[in-house]
Amino acid sequence: MTTTDTQILPAAAETAEMLSGAQMIMRALGELGVEVIFGYPGGAVLPIYDEIFKQNSIRHILVRHEQAAVHAAEGYARSTGKPGVVLVTSGPGATNAVTGLTDALLDSIPVVCLTGQVARHLIGNDAFQEADTVGITRPCTKHNYLVKDPALIPDIIYEAFYVATNGRPGPVVIDLPKDVQIEKAPYKLSGQKAHRTYRPQVEGDEEKILDAIRLLAKAERPIIYSGGGVINAGPEASELLVAFARETGIPVTSTLMGLGAFPASDKQFLGMLGMHGTWEANHAMHDCDVMLAVGARFDDRVTGRTDAFSPGSKKIQIDIDLSSINKNIPVDVGIVGDAASVLKRMVTLWRDLKAKDHQPSLDAWWKQIAHWRAKKCLSYTDSTDVIMPQKAIERLQALTADRNPVISTEVGQHQMWAAQFLGFDRPNCWLTSGGLGTMGYGLPAAIGAQVAFPDRLCIDVAGEASIQMNIQEMSTANQYKLPVKVFILNNEFMGMVRQWQDLTYDGRRSESYSDALPDFVKLAEAYGWKGIRVSDPKDLDAAILEMINHDGPVMVDCLVSKIENCFPMVPAGAAHNEMLLSGDVVVQPSSDEARAVV
Amino acid sequence: MQEQGTIARHTISVIVDNEAGVLARVIGLFSGRGYNIESLTVASVDAEAKRSRITVVTTGTRMVIEQIKAQLDRLVPVHKVADLTVDGKFVSRELALVKVRGEGEKRVEALRLADAFRANTVDSTRTSFVFELTGSADKIDAFVELMSELGLVEVARTGAAALSRGADGL
């Protein structure tokens, strides 16, 4: 097995200074280069907050709800490539963070979350604000720790950052009893060279990489299926993906999480695949003869019915996580390794072996793809009376593209339209909750990105329902003068729920109407934001320009067509090449089995 | 090699750091992902290195067994995962305590069978025995079934402890 040779802990110091647990925490975070903590104080973390008060090197961003602290840390992590750091109190502080931690686990986002805990002698006594945090967070973190001895704090914090950021990234919780934060111990690192157990495989197996090259060099209908792992592997991985696609001439499609790793404006890009992916991407995936999956995990939103997924293809999968290989779809060549490392080797081998000379012509394949593209699957019927949601996103893209914005989203129709219509040419510009599908993700994520990049345009594309799930964070943006923009596609429905009810429950719109909505403009003003409402298509551009040109946070309430559906769509229980397009007659699913596939 | 869809029983050895919560992680993995546990045995095996060995007997298709191993392997406190069923020949033993109540001929028969199974009598009263039996799960199953006709009261079993045959260790 190949291992990283990164030293996870610095060499032990000769003399150890006596510090309180809280002081050690701040010292270790400082040494690890932490610039910002997203947090919320409470009884069980007062010693740490007292240390925060006494220093100036690490910035603390006070959120208004602990869930938002984790999402903000995720937004920070996803936009910078650095781990996000969270600090919350015991009990409700920790349980409120659980949704964020689960979100970070499913989307492989590196987050280190420090939670307060009741004093050691009170653990298990149902003490005030006590919760079994390590028990609760065990299934929703990559790893967690309960620190029972202050002397272990430095090593555990270093290890937590190592675990969060190496291999497949993810959230790590460190639960810190209050008396451990107060007790003094020598600040000493063990100087351990490698982690005792956790050594993810970075370099891929050479034989398997050669197998992959051989398969791809013979392929007549190849495709690259790129995922979030390419973005996690750093900007170099994205460059290598582009290089490999250029060398081979193979078309590229991307998952929701992978958008931006391959430039959307490139002619080799087929758009996003999956449930709301493009006609050309899903058909090319279905009909290909060799598929190269890079940092993508064959999620059910991508595959549709698994027994009908790309039946005729040889599949190659590159993933840093062995458990992602052969989990949902059996593959022919599984390469465990970091996307950048493996792609680099593949580019080199492709050139060295002069694979291009033996490669069959892909002209017929590209001709077929052109035929699928001609379907213009994202087309919609525009209107002069009402703003179409797709139009709003298209105009947002057109008017902001030159600013290289960071875009976050909430979850639902607006998220899918954003994924379809905003073309991302660079990685780390797209923050969305893909795996968990967490409504309320977008605003705190945009705040996290804006903290990292004060001068960049950070926009949360939202729906009127999702935005209300973490709307309190408008106060956070105001406090830190973060000029985030929230662009609400307001259709007065939980649109995706309504769409599913219309398509699979005979239009019984049970509880999916967004009743009693607040006046978002007044709400914005109440929070010290600028509020803009737009409902006439003629005013759309002006509203978007007013939003991006305002030096401060802005909420745009964009009233859009109320019952527009998001297409293409792979309906419940269908194969991935059985897509509905705008204007198709929708047949209700015939079986409960199909209906159960959400 | 096992066919894609057929379900087979596998004995898996896992060497873990002997730290708080490690067993909960392993059990949580099985319950959270819907894997089957037929038996699970855990004890510290190296006090100095603070390591424990978990032996888990599970069933699943080839893909599920591969998943279980990969999922176990990525747990942070896990040192090594080995599939004894795939890796070669191995020995697997379970210990059972079997309590039987009876008088007269049935009592004599129970004692005779216990002797045939090389069970030890670790407790006896005028009306009962507790037998200690080690062996494969099949052997213990057979013994328990025989005892059920002779006044079986209750059974405690450890689950499998297993090692590969030959000179090499994990």
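Which residues are exposed on the other side of α5(B)? In this predicted model, they are B:Asp138 and B:Glu145. Helix α5 of chain B covers residues 137-148. Its twelve residues reach 16 Å from the first C-alpha to the last. That span is close to the 16 Å expected at 1.5 Å a residue.

The buried residues of α5(B) are B:Ile140, B:Phe143, B:Val144 and B:Met147. Seen down the helix axis, the buried residues of α5(B) fall within an arc of 100 degrees, so they line one face of the helix. An α-helix has 3.6 residues a turn, so residues three or four places apart point the same way.

Strand β5 of chain B spans residues 90-101 and contains B:Leu95. B:Leu95 is partly exposed, with a relative accessible area of 30%. Together with B:Leu97 and B:Val122, B:Leu95 makes a nonpolar surface patch. The patch amounts to about 210 Å².

In chain A, A:Gly167 lies in a loop. This loop runs between α6 (153-165) and β7 (171-177) of chain A. Leaving aside residues up to four places away in sequence, A:Gly167 touches A:Lys142, A:Tyr198, A:Pro200 and A:Ile320. A:His414 is 247 residues from A:Gly167 along the chain. The C-alpha atoms of A:Gly167 and A:His414 are separated by 32 Å.

Note on methods:
Residues numbered from 1 in each chain as written. Chains lettered and ligands numbered in written order. Predicted model: local features only at pLDDT ≥ 70, side-chain atom pairs only at ≥ 80, totals over all residues. Heavy atoms only, no water. Helix = DSSP H or I, 4+ residues; strand = E, 2+ residues; numbered from the N terminus. Contact = heavy atoms within 4.5 Å. Patch = residues over 30% accessible without salt bridge, like charges linked within 9 Å, V, L, I, M, F, W, Y side chains within 5 Å. Areas by Shrake-Rupley, 256 points an atom, 1.4 Å probe, with all protein chains shown as cover. Salt bridge = Lys/Arg side-chain N within 4 Å of Asp/Glu carboxyl O. Buried < 20%, exposed > 50% of the residue type's maximum accessible area, 1.4 Å probe, protein only. Expected span 1.5 Å × (residues − 1). Arc of directions from axis to C-beta.
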